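Here is a briefing for a reader new to this structure. Please look at the structure first, then read on.

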Amino acid sequence: MRRTICLSFIAIALLLTACSKEKESERFRLLTTPVWVSESILVNGVKPEGDWDFLNDFTGDAKFHKDGTGYFGSFTGEWKFNDAETEIIITTTTVPIPIVTEIIELTSVTLKISTTILNPQNPAESADVIMIFKAR
Amino acid sequence: MIRHFLTVILCILCCCSLASGAEGNIKGRVIDSEHGEPLAGVYVIYGSNRGTTTNDSGYYFIADVSGRVRVVFQFVGYATVTRDVTVRADETVELDISLETLVSEIDQVVVSANRTEQKVAELSVSMSVIKNSFLSDNHISDARELIGKNPGIDVMDGQASVRGGSGFSYGAGSRVLALIDGLPFNSADAGNIKWQFLPLENLSRIEVIKGASSVLYGSSALNGIINFRSADASNTPVTKFHTEAGIFGRPRNREWKWWNTPRFFTNTSLSHLQKFGKTDIGMSAYFMTDEGYRRLNGENLGRISLRLKHFSTKVEGLNYGLNISAGSTHKTDFVLWENARTGALRQSEATAAEFRGNFITIDPFISLRKNERTRHDLKIRFRSDRNRLPRNEKNNSDAVNLYSEYQLWCRITDFLDITSGLTENYSLVNSEFFGDHHGLNLAGFSQVEIRPVNRLKAVAGLRLEHFSLDGVSDRLTPILRAGINFQAAEYTYLRASFGQGYRYPSIAEKYASTTLGSVKIIPNPGILAEKGWSTELGVKQAFLLGKTAGQADLSFFLMQNSNLIEFLFASYHGEGVGFRADNLEQARIYGSEFEFAFETRLNRVNISSTGGYAYTFPRDISNRYSDKIVFLKYRRKHSVKLYVNSSWKSFTLGSGLNIRSKILNIDNVFLEPLTRELFLPGFYEYWNRNNRGHAVLDVSAGYIISPRLNLSFVVKNFTNTEYMGRPGDIQPHRNFSIRLSGNL
């Protein structure tokens, strides 16, 4: 009986050791702390217009909440990092498929991301988009 | 004083010497009672814990004993035999022994868990053992189908998942490592398991470890391993064959039937095992034609194997040999259905991927066992794969793989064993699909097993692994495992274990770049290795109740993995829209599993049954700030598997029941309004209506024509249940097969 108790004790210790808590990463803290204000949106290097006009709806405030929800201009939706925290995957109810954005710069004051977006009027056409945000 | 003392000592020694000269000896040979083979390394214990072991020919010799002597013969996997003999002075008593193998499930000897022979009950990890007879009883000739019938394991479109550790990975990568006689079988390019090439002929058993096993087996063993163990030749030559023919019935949804002539499948196999003096020979061949129940989804397959093993007559304990396997397949993979209403069993020419694949493995090996305390093993595997897609030649690929491992096992003391080894795995891939790449994987491992007190075993192991791809090195990965097993009562074993695992991304996940129909695959060279750990508590209980003997196993497990790779359909920077592999999931899976096996006799009916129930709670914890529970994709919570076989006189009857609960989560691409119709027309409505879990019943009946010939009939999916694996992958409806098998 004593051996059984010892064995159970060791086993539980193994389990508890395995369940270590993870710390919040620096990039996660930088992204989720401020409310970001869009400074510029460039489609292939110029301001969005014509078929790309819908991207202007991303202008305004953006907030990445810690629980994975957020708002991005007039869009609401969900976001997540990839595990390497080099990309932000944004899913909104407005854009039909997730947008994987590459983080070019993330500091306490600046967020610069880029992605490729399909032209909703002509899915054969796509454009490179760069968005710059400043912390409020 | 000193002189007197020395005189007394001298007198005692003289007396002992005289007494010794008046003693006798015991000698004999120990053989296997079933095959008559000599058993080497049997412990022969006599007197007050004195002992010896049998040599390679099974002989032993005990010198200088007299009077009534109790001799105990012990060997792993065999019932212990005790004999009392009376030895007179100057007499040599001959005592030959036949040891009987233990039929009890818990006494089965396995090798996969610790890379050395050990009773399955004494392991610190969960292991399921699938016996060879399960294949013929259930008309199984495909390893994928076989593994999927094991409790706690699901196979979704070729992706094996142990206790919910994996989902559906679009054919790239595997978190479960397949082994043949301990050598890895996952392909070098896609990192997946080519199930159709796994030989099921001449197998002795299949061992499945549930949980991270990377310390002993390296990358890809993140979620577990499946080891296909070949049978050894015995003194009695064994020739087996089977030939089977089958036909698919009508699907439950009559509108799905697209054929006008019946859809047939046939397969046949021949295998032979024989011992020629000191040389064992095994050979097998298997051929299969399956017209398929789905349009543009047939397959023709052939595989052969040759196994040679020679026991040296000059060097005691030395054996060496060569295994060769080869296979060829010509098939059309089913990717996407045409529509849910009438075309679920049809795919269009645009997505049909005709595939011609060949492979060959050449595995030389040498083993040296000395004094039952040391064993050296050197194994090498050369593997070549050739994949051709005639309709899309830019997706062709060739892969060459050279794997080698050296392992040293030492029994340092009676309570301490050490197993250490070095492995090397070089891969070369040439392909327009993946690009040209070469990888090198180097690793060293060591594991200590101690038995500090009676009934307690503890293991601890460490592995260091280095991986480089195209000359670019990844960081050195250290991983650990530890476990204990305690025999709490005669037939009760408690166990606890912890093991780390990892998996380097396959070349396909990193570099695949192509278009399949309307689907674009985008490469991602930056993805990281998956890593994680698993831990469990378990108890194994054997029982003997009247004429019923069996075992039950209950385990509670927890595993956590990070950097899990999944394919996400999205808009990517610089690449456009398509699927790309990325490190997106962090998984925490806990649950419990119950397994049982028993045999009984009711009047004159022999009944055997195996089965189990697995519960998993597979949660994606990548967002730890959200209270919302997000389930991992392509996992289920509940699964029940139950198999019963019975025999009466020359008749056999069997059934298999497989119950699974609904799939908890799938990729958004199949749910979002814009994309779901693009890939799988009608899927969304079908999914909402039918993702409720399923129960599939198989039944079988057989007649033993003669001791060497057997005829059997199986109906798979007897209930004609309509169910789906991954999205768009409708599983086989009711089908009938008849098999003639023999043992010459």
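In chain B, 9 residues of domain 1 are in contact with 10 residues of domain 2. Contact here means that the C-beta atoms of two residues, placed from the backbone, lie within 7 Å. This is a predicted model: local features need pLDDT of at least 70, side-chain atom pairs count only at pLDDT 80 or more, and totals for chains, interfaces and linings use all residues. Residues are numbered from 1 along each chain as its sequence is written, with chains lettered from A and ligands numbered from 1 in the order in which they are written.

**Domains of chain B**
- Domain 1 spans 20-99 and domain 2 spans 105-743; such bounds come from an automatic or database domain assignment.
- Taken over C-alpha atoms, the centres of domain 1 and domain 2 of chain B are 43 Å apart.

**A sheet in chain B**
- An open, antiparallel sheet has 4 strands in the order β3-β2-β5-β6 (chain B).
- Strands are DSSP runs (E, at least two residues), and helices are runs of H or I with at least four, numbered from the N terminus.
- Two strands pair if DSSP finds at least two bridges between them.
- The edge strands are β3 (50-53) and β6 (81-87) of chain B.
- Strand β2 (43-46) of chain B pairs with β3(B) over 4 bridges, and Tyr43(B) has Thr53(B) as its bridge partner.

**Between the chains**
- The contact takes 30 residues from chain A and 33 from chain B.
- On the chain A side, α1(A) gives the largest share, 8 residues.
- β6(A) pairs in the parallel sense with β35 (548-572) of chain B over 2 bridges.
- There, Ile99(A) has Ser571(B) as its bridge partner.
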